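Thank you all for making time this morning.

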Amino acid sequence: MRSSAPPSRVPDVLIVGGGLVGCACAFHLARAGVQVLLAEASSLNAGASGQTAGSLHFQIERRFLEDDGNGSGEIDRIVSLNRLAIEEWAGLENALSRDLDITMDGGLMLAENEADLALLQQKSAREAAAGLATRLLDAGEARAMLPGLSPTVRGAAFQPHEGHANPRILADAYADAARQLGATIRTGTRLDALSMTEARQYRATLVGPAGVETLVVPQIFVAAGAWTASIVGRLGLQLPLFPVPLSLNVTDKGGPELPYLVQHVGKRLSLKQSEAGNFLIGGGWASRFAFRADGSIDLDTPPLPVAESVSGNLQAAIDVMPALRHRSLVRSWTGITCISADQLPIAGMLPAAPGLFVAAGGSMFTMGPVIARLLAAQIMGRAEEADPIAPFTPARFAHLNAFAVLP
Ligand SMILES: Cc1cc2nc3c(=O)[nH]c(=O)nc-3n(C[C@H](O)[C@H](O)[C@H](O)COP(=O)(O)OP(=O)(O)OC[C@H]3O[C@@H](n4cnc5c(N)ncnc54)[C@H](O)[C@@H]3O)c2cc1C
C-alpha cells in the first residue's frame with residue numbers, strides 16, 4: 001500500500017462510520033456549513049443499519065418497565081426522546097426531499113395473559129404521564145383492528161405513530177444529501193489508528209483506496225455502532241458498549257394483511273408487513289458470534305444463525321397471528337448491534353476526551369435520526385440548554401476512565 005499526501009483541506013469534524021447515525025450527523029453538520037469527512041471501512045450501511053428490522057417502536061419496552069421500580073426517571077427520559085423521534089420521522093422525507101418508504105400507521109403491543117395485561121396498563125399510565133399517546137384495547141377492540149389476531153390475545157396497547165421504514169435507503173439518502181451540501185464521504189476507508197495530540201486534538205490514520213493518510217482534527221465523532229467501544233479503546237478509554245448478535249426472518253408475500261407494527265409485551269416479537277407483502281419477523285432473537293483465532297469476537301464477520309432462534313421467532317409470530325403458518329420463510333439473516341451497560345443510548349462527548357463524541361447503544365434505527373441531529377448541535381456547540389440527549393451523556397460512565405492517562 002502506498003502512502004499518500006495529506007488531504008488539501010483538514011475537516012472540522014471526522015466521522016468514523018457510515019451507518020445511519022454517521023450519515024445523518026454528516027448531513028446535519030454539512031447543512032450548517034461544517035467541513036465534514038466521513039470514513040466508512042466498508043460500504044455505506046454495511047453494519048447494523050443495513051441489517052436492521054427497520055421498526056419504529058415508540059412504546060416503552062418491557063425491560064424498562066421491569067426496572068422502573070428504582071425511580072431513576074429512565075422511563076421519562078426515554079419517552080421524551082421517543083416523542084422527539086416521532087416528530088423527526090414525520091418530517092424526514094421533507095428534510096431529505098426523498099421517498100423513504102416510511103409507514104407510521106401505528107403499532108400494537110400485545111398481551112396474552114393477566115401479568116402482561118397488568119404490565120400494559122402500567123406502561124400506558126407511565127406513557128400518558130410522560131405525554132406519549134397510547135390507547136389500551138380490550139381483546140375485542142384489538143381484534144376489530146386486526147382480525148387476524150389469535151384468540152389467545154387478551155388485549156393490546158396501540159400507539160398511533162409506530163411503524164417502519166426502509167433501512168436499505170435511509171443511510172444513503174442522508175449521505176447523498178450530505179455530499180450535496182459539501183461533505184466528503186469515503187467508503188472502503190478504515191480508521192486504523194487513533195491518538196490524542198499534546199494540543200488535545202485527534203490524530204487519525206485512515207487506510208483506503210487512496211492509500212494511508214494521517215490527519216489531525218479538532219473533533220471526531222465515532223459513529224461506529226458495535227465497533228465504537230474498540231475504537232475509543234485505542235485511546236485507552238473505556239465505554240460500556242457491548243456487541244449483541246441478532247437475527248431476522250422474512251417470509252414470502254401474501255396474507256393476512258397487516259397494516260400495523262406488532263410487538264408483544266411479554267415475548268420477543270416484532271412483526272410487520274412490507275409494502276410488497278412480505279412479513280418481517282424479529283424482536284431480539286440471538287445469533288452466534290464468529291470468533292477470531294485468538295478467541296476474540298469477530299465483528300467483521302456476520303454472526304451464525306441459530307436454528308432455535310429462527311424457529312422460536314417464527315412460532316412467536318404464528319402464536320399471535322395463526323394465518324402466518326401458511327407463509328414460507330424466504331430468508332433469515334444476522335447482524336450485530338450493541339447495548340450499553342444501563343441499556344440506554346450513550347450519546348455525547350467523552351469527558352476524558354474533549355472533542356470526541358459517540359452515539360451508540362439501544363434502538364438506533366428508531367432514535368438515530370433525532371440523536372444524530374441533536375449530537376450535531378452538540379458538536380457545533382449549539383445544543384439547547386435543555387438538551388434532550390443530555391441525560392444520555394457518556395459522562396454517566398466517567399468513573400470508568402478515572403485512571404486514563406491522556407496528553
Ligand atoms: C438484526 C437487527 C435488527 C434490529 N432491529 C431494529 C429495529 O427494528 N429498530 C431499531 O430502532 N433498531 C434496530 N436495530 C438496531 C439498529 O439497527 C442499530 O442500533 C443502528 O442501525 C446503529 O446504527 P449506527 O449507524 O450507529 O451503526 P452501524 O449501522 O453498525 O454503522 C457502523 C459503521 O461503522 C463502520 N466502521 C466500523 N469500524 C470502522 C473503522 N475502524 N473505520 C471506519 N468505519 C468503521 C462499520 O463498517 C459500519 O458501517 C437492529 C439491529 C440488528 C442487528
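Predicted model: local features only at pLDDT ≥ 70, side-chain atom pairs only at ≥ 80, totals over all residues.

Let me begin with a helix and the residues it hides: in H1, the buried residues are Leu 20, Val 21, Gly 22, Cys 23, Ala 24, Cys 25, Ala 26, Phe 27, His 28, Leu 29 and Ala 30. That makes 11 of the 12 residues of H1 buried, so this helix is largely enclosed by the rest of the structure. H1 covers residues 20-31, and from its first C-alpha to its last it reaches 16 Å, close to the 16 Å expected at 1.5 Å a residue. After H1 comes Gly 33, which has a positive phi, near 90 degrees.

The mean pLDDT of the chain is 95, with 97% of its residues at 70 or more. The part to treat with care is residues 1-8, where pLDDT stays under 50 and where the model has 14 contacts beyond four places in sequence.

Now, what does H1 lie across? H1 lies across strand S1 (13-16), strand S2 (36-39), S12 and S19, and it runs at about 170 degrees to S2. These strands belong to an open sheet of six strands, in the order S8-S2-S1-S12-S19-S18, with mixed pairing. At its edges stand S8 and strand S18 (346-349), each with a single partner strand, so one side of each is left without a neighbour in the sheet. From one strand to the next, the twist averages 15 degrees. To look at one pair within this sheet, strand S12 (residues 219-222) and strand S19 (residues 356-360) run parallel and are joined by three bridges, and the bridge partner of Ile 220 in S19 is Leu 356.

How do the axes of H11 and H4 cross? The axes of helix H4 (residues 74-90) and helix H11 (residues 364-379) come within 9 Å and cross at roughly 90 degrees, and the two helices are therefore roughly perpendicular to each other. Among the residues that meet where they touch are Leu 81, Leu 84 and Trp 89 in H4, with Phe 365, Met 367 and Leu 374 in H11.

H4 and H11 come up again when we turn to helix H8. Its buried residues are Pro 167, Leu 170, Ala 171, Ala 173, Tyr 174, Ala 175, Ala 177 and Ala 178, and what covers them includes H1, helix H2 (48-51), H4, helix H5 (92-96), strand S8 (184-186) and H11. The length of H8 can be checked as well: at 1.5 Å a residue, the 14 residues of this helix (residues 167-180) should span 20 Å, and its end C-alpha atoms are 21 Å apart, which agrees.

Let us move to the other sheet. This is an open sheet of eight strands in the order S5-S6-S4-S14-S15-S16-S13-S17, and its pairing is mixed. The edge strands are strand S5 (135-138) and S17, each of which pairs on one side only, and the twist averages 20 degrees from one strand to the next.

Which strands does S13 pair with? Strand S13 (residues 241-253) is joined by 11 bridges to strand S17 (residues 329-340), and these two run antiparallel; here Thr 251 has Leu 329 in S17 as its bridge partner. S13 also pairs with strand S16 (residues 278-286), again in the antiparallel sense, over five bridges, and there the bridge partner of Ser 247 is Trp 285.

Elsewhere in the sheet, strand S4 (residues 107-111) and strand S6 (residues 155-159) pair in the antiparallel sense over five bridges, with Leu 110 standing opposite Ala 156 in S6. Helix H6 (residues 114-129) lies across S4, S5, S6 and strand S14 (261-264), and runs at about 140 degrees to S4. Helix H10 (residues 307-320) packs on the sheet too, touching S4, S13, S14, strand S15 (270-273), S16 and S17, and its direction makes about 125 degrees with that of S16.

Is Ser 150 buried or exposed? Its relative accessibility is 3%, and because buried means under 20%, Ser 150 counts as buried. Leaving aside residues up to four places away in sequence, Ser 150 touches Arg 143, Asp 319, Val 320 and Pro 322.

Conventions. Residues numbered from 1 in each chain as written. Heavy atoms only, no water. pLDDT = per-residue confidence, 0-100. Contact = heavy atoms within 4.5 Å. Pairing = 2+ DSSP bridges. Helix = DSSP H or I, 4+ residues; strand = E, 2+ residues; numbered from the N terminus. Expected span 1.5 Å × (residues − 1). Buried < 20%, exposed > 50% of the residue type's maximum accessible area, 1.4 Å probe, protein only. Axes fitted to C-alpha atoms, helices over the stretch in contact; angles between N-to-C directions. Parallel < 35°, antiparallel > 145°, perpendicular 65-115°, else oblique.
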